[in-house]
Amino acid sequence: MAITILMICYTLISFGLGWYFFNHRQRPFLVFHPEESRELQRVLSIGGVIMMIIGVFSAAATIMNNTIFLAAVLLVGVIAIMALQLILLHWFPKG
């Protein structure tokens, strides 16, 4: 029961993060300005779509309640989030 509740939270967070990235391709957010960088717009587009897909797979894994599928989706999600964060560091203000 607890894993189901935690997976629902993970699903909402990953889908919400993907939606946020995808919606902020053309406007500034936090310290990033994607309207000034075509590469950053592309990273946000691709990263947002990937996170939304992970959210959909996470919802499917939660409904199926298959332990292996849950673990695989969590692993892929963690790697994707870490990769996005490392890529976004390229556009972080340096001073």
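Predicted model: local features only at pLDDT ≥ 70, side-chain atom pairs only at ≥ 80, totals over all residues.
Let's start with the overall layout. The protein has three helices and zero strands. Read along the sequence, the pattern is α-α-α. The C-alpha trace spans about 45 × 20 × 20 Å along its principal axes. There are 95 residues, and buried ones make up 33% of them. Now look at contacts with a separation of 6 or more. Residues 24 or more positions apart account for 60% of those.

Helix α1 covers residues 2-23, and helix α2 covers residues 38-64. How do their axes cross? They come within 7 Å, at roughly 160°. Angles over 145 degrees count as roughly antiparallel. The two helices are therefore roughly antiparallel to each other. Their crossing is left-handed.

Who makes this contact? From α1, the residues include M7, Y10, F15, W19 and F22. From α2, they include L44, V49, M52, I54 and A59. Glycines take part too, among them G18 of α1 and G48 of α2. By class, the contact has 15 nonpolar residues, nine polar ones and no charged ones.

Now the core. The largest nonpolar core has 16 residues. Which members touch the most others? They are F21, L44 and L88. Helices α1, α2 and α3 each supply at least two residues of this core, with α3 running over 67-88. The largest share comes from α2, with six residues.

Stay with L44 for a moment. Set aside residues up to four places away in sequence. L44 then touches F21, F22, H24, R25, F29, P34 and L88.

H24 lies in the loop between α1 and α2. Is H24 buried or exposed? It is buried, with a relative accessible area of 12%. Leaving out residues up to four places away in sequence, H24 touches F29, P34 and L44.

The loop between α1 and α2 also holds L30. L30 is exposed, with a relative accessible area of 73%. Check its backbone as well. Phi of L30 is near 50°, a positive value in a residue other than glycine.

N65 also has a positive phi, about 60°, although it is not a glycine. Where does N65 sit? It lies in the loop between α2 and α3. N65 counts as partly exposed, at 48% relative accessibility.

Last stop, Q41. This residue is found in helix α2. Q41 is buried, with a relative accessible area of 9%. Leaving aside neighbours within four places in sequence, Q41 is in contact with R25, Q26, P34 and E35. How far is Q41 from Q85? They are 44 residues apart in sequence and 15 Å apart in space, C-alpha to C-alpha.

To recap: α1 and α2 are roughly antiparallel, and α2 gives the largest share of the core. Thank you.

How values were computed:
Residues numbered from 1 in each chain as written. Heavy atoms only, no water. Axes fitted to C-alpha atoms, helices over the stretch in contact; angles between N-to-C directions. Helix = DSSP H or I, 4+ residues; strand = E, 2+ residues; numbered from the N terminus. Parallel < 35°, antiparallel > 145°, perpendicular 65-115°, else oblique. Left-handed = near helix turned anticlockwise from the far one by under 90°. Contact = heavy atoms within 4.5 Å. Nonpolar A, V, L, I, M, F, W, Y, C, P; charged D, E, K, R; others polar. Core = buried A, V, L, I, M, F, W, Y, C linked by side-chain atoms within 4.5 Å. Buried < 20%, exposed > 50% of the residue type's maximum accessible area, 1.4 Å probe, protein only.
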